[in-house]
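Biologist: Thanks for sitting down with me. Shall we put the model on the screen and talk it through?

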Amino acid sequence: MKLLTFQDVKDAIDKLKQLDILNDRIANLDEQVTTLQKHVPSIIFHAKVSDGLNPAGQGRIVYDTIIVNKGSAYNHLTGIFTAPVAGIYYFTYSLLGMTDSGNTEVRLMKNNDDLSYIHSILTPNQAQTASTPAILTLNRHDQIWVNLIQGRTWSGRGALNFQGVLLEAQ
């Protein structure tokens with residue numbers, strides 16, 4: 001058994017002091033993370049059209065079934081997402097036209113402006129599904145929704161979806 005020297009004891013005490021300093025820094029970082037989490041909102045939504053509703057004609061699609069709505073920015077009664085904070089958002093939306101619909105078109109809208117679209121042209125008894133992403137810079141209170149421009153959609157098995165997430169608050 002080796003006897004500890006004064007230098008060994010001093011080195012061990014120095015290492016314990018370094019550990020105390022590191023523990024204090026970790027505690028400080030934990031407090032900073034907690035503070036930041038309180039100030040950066042979590043905005044995430046995913047909604048779908050209920051099976052059997054099958055929107056047709058023209059007008060805003062109301063995704064009436066909410067799967068996730070953290071931050072409550074999506075309104076399942078109107079089909080409109082309203083940005084609670086300015087930032088960069090990521091959205092996706094989907095389309096599945098009815099097999100007898102022919103031309104079916106939906107558009108992603110921002111404050112009444114067309115941003116993107118999905119257009120499906122089918123011959124009888126065909127089906128085609130599509131989804132489109134969009135990364136948008138939004139101001140607080142900007143509104144996003146999906147318009148059906150023409151045709152008939154099929155909403156079975158969760159085929160019509162609308163999702164969004166805040167990537168970065170500004």
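Biologist: To begin, is Lys-10 buried, partly exposed or exposed?

Modeller: A word on the source: this is a predicted model, where local features need pLDDT of at least 70, side-chain atom pairs count only at pLDDT 80 or more, and totals for chains, interfaces and linings use all residues. Residues are numbered from 1 along each chain as its sequence is written, and side-chain values use heavy atoms, with hydrogens and water left out. Buried means under 20% relative accessible area and exposed over 50%, with partly exposed in between (1.4 Å probe, protein chains only). Lys-10 has a relative accessible area of 37%, so the class is partly exposed.

Biologist: Which side chain does Lys-10 meet in a salt bridge?

Modeller: A salt bridge here is a side-chain nitrogen of Lys or Arg within 4 Å of a carboxyl oxygen of Asp or Glu. At 3.6 Å, N to O, the partner is Asp-14.

Biologist: How many residues apart in sequence are Asp-142 and Lys-110?

Modeller: Their side chains meet in a salt bridge at 3.9 Å, N to O. Asp-142 lies in the loop between strand 9 and strand 10 (143-150) and Lys-110 in strand 7, so the pair ties together parts whose separation in sequence is 32 residues.

Biologist: Which residues do salt bridges with shared partners join into one network?

Modeller: One link is the salt bridge between Asp-114 and Arg-107, at 2.6 Å, N to O. Together, the network consists of Glu-105, Arg-107 and Asp-114.

Biologist: With which side chain does the side chain of Thr-104 make a polar contact?

Modeller: Thr-104 is found in strand 7 (residues 103-110) and is buried, with a relative accessible area of 0%. A polar contact is a pair of N or O atoms within 3.5 Å; within protein, one must be able to donate a hydrogen and the other to accept it, and residues adjacent in sequence count only if both atoms are side-chain atoms. At 2.6 Å, the partner is Ser-101.

Biologist: Which strands stand at the edges of the open sheet?

Modeller: The five strands have the order 3-1-11-6-9, with antiparallel pairing, where two strands pair if DSSP finds at least two bridges between them. Each edge strand has a single partner, so one side is left without a neighbour in the sheet: these are strand 3 (65-70) and strand 9 (129-138).

Conventions. Helices (H or I, at least four residues) and strands (E, at least two) are DSSP runs, numbered from the N terminus.
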